[in-house]
Amino acid sequence: MLQFLKSSQRLLLSTKSGWQLVLAEEVLQQLYCYRQTTVDTPEAGGTLMGRLLRADGTGLVEALTRPGRGDRRSRFGFFRSERHHWEVQSYWWSTAQTGAYLGLWHTHPEAVPTPSSVDLSDWERALRRDVYPGGGLLFVIVGTEAVGCWAQLQRTPLEFLGCWSWELNDV
């Protein structure tokens with residue numbers, strides 16, 4: 001489930017199993033800036049970082065890594081370089097070891113985003129290989145008119161949490 005909290009300018013994401021993450025206003029603003037609104041804008045992506053407030057996965061996504069050196073970007077593709085891993089490590093140290101890797105984000109050149117087969121494979125690989133707290137990961141795809149959110153806990157199916165339409169006065 002997905003709910004925009006207008007008073008705090010945050011997006012609340014909840015799974016059926018009770019896992020809850022909040023996307024902070026600053027994160028929403030940064031994601032909004034990477035929308036692929038022209039025909040020559042390449043895909044962008046990175047990792048989502050924040051703090052878990054409880055061991056059950058309840059937490060706050062308060063930062064993200066941005067596309068940059070080493071990444072491969074095209075109109076319909078994005079490859080995260082190893083640099084994102086090192087930025088997550090740096091975030092962990094800068095937050096006195098309380099900050100964590102919580103998920104992945106990238107853009108699509110479509111109004112309402114849907115994951116491709118490449119996305120689904122990438123997400124499965126992240127769940128298998130990456131090290132993360134909370135028992136699962138959040139996956140965000142930024143479309144031109146909406147942001148889509150999915151979550152998957154270990155050994156459970158991928159869950160679609162919903163899409164939120166960008167509203168300029170909300171971001």
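A charge is said to sit over a ring if NZ of Lys or CZ of Arg is within 6 Å of the ring centre and within 35 degrees of the ring normal. The legends below describe close-up views of a predicted model.

**View 1. Two arginines lie over aromatic rings.** In this predicted model, Arg72 lies over the face of Phe79, at 4.2 Å from the ring centre. Another arginine, Arg35, is placed over the face of Tyr32, where the distance to the ring centre is 3.9 Å.

**View 2. Phe4 and Trp164 form a stacked pair.** The ring centres of Phe4 and Trp164 are 4.7 Å apart and the ring planes meet at 15°, so the pair counts as stacked. The pair joins distant parts of the chain, since Phe4 belongs to strand β1 (residues 2-5) and Trp164 to strand β11 (residues 159-165), 160 residues apart. Phe4 is buried, with a relative accessible area of 17%, and Trp164 is buried as well, with a value of 8%. Ring pairs also link these two residues with Tyr32 and Trp166 into a cluster.

**View 3. Trp92 and Trp93 form an edge-to-face pair.** The rings of Trp92 and Trp93 lie 4.8 Å centre to centre, with 70° between the planes, and the pair is edge-to-face. Trp92 is partly exposed, with a relative accessible area of 31%, whereas Trp93 is exposed, at 55%. A search of the whole structure finds eight aromatic pairs.

**View 4. Val140 is part of the largest nonpolar core.** In soluble globular proteins, nonpolar side chains tend to be buried together. The largest nonpolar core of this model has 28 residues, and those with the most contacts inside it are Leu11, Leu138 and Val140. When neighbours within four places in sequence are left aside, the residues in contact with Val140 include Leu31, Leu48, Leu104, Trp105 and Cys149. A second, separate core of 14 residues has Met49, Tyr101, Trp123 and Phe139 among its members.

View 5. A disulfide is a covalent bond between the sulfur atoms of two cysteines. The cut-off used here is a sulfur-to-sulfur distance within 2.5 Å, and by this rule the count comes to zero disulfides. The cysteine sulfur closest to that of Cys33 is in Cys149, at 17 Å, which is too far for a bond. For Cys149 the closest cysteine sulfur is in Cys163, at 7.4 Å, and this is also too far for a bond. Cys33 counts as exposed, at 64% relative accessibility, while Cys149 counts as buried, at 0%.

Definitions and conventions
Residues are numbered from 1 along each chain as its sequence is written. This is a predicted model: local features need pLDDT of at least 70, side-chain atom pairs count only at pLDDT 80 or more; totals for chains, interfaces and linings use all residues. Side-chain values use heavy atoms; hydrogens and water are left out. Buried means under 20% relative accessible area, exposed over 50%, partly exposed in between (1.4 Å probe, protein chains only). A nonpolar core is a set of buried Ala, Val, Leu, Ile, Met, Phe, Trp, Tyr and Cys residues joined through side-chain atoms within 4.5 Å. Contact means heavy atoms within 4.5 Å. Rings of Phe, Tyr and Trp (its six-membered ring) pair if their centres lie within 6.5 Å; planes under 30 degrees apart count as stacked, over 60 as edge-to-face and the rest as tilted. Helices (H or I, at least four residues) and strands (E, at least two) are DSSP runs, numbered from the N terminus.
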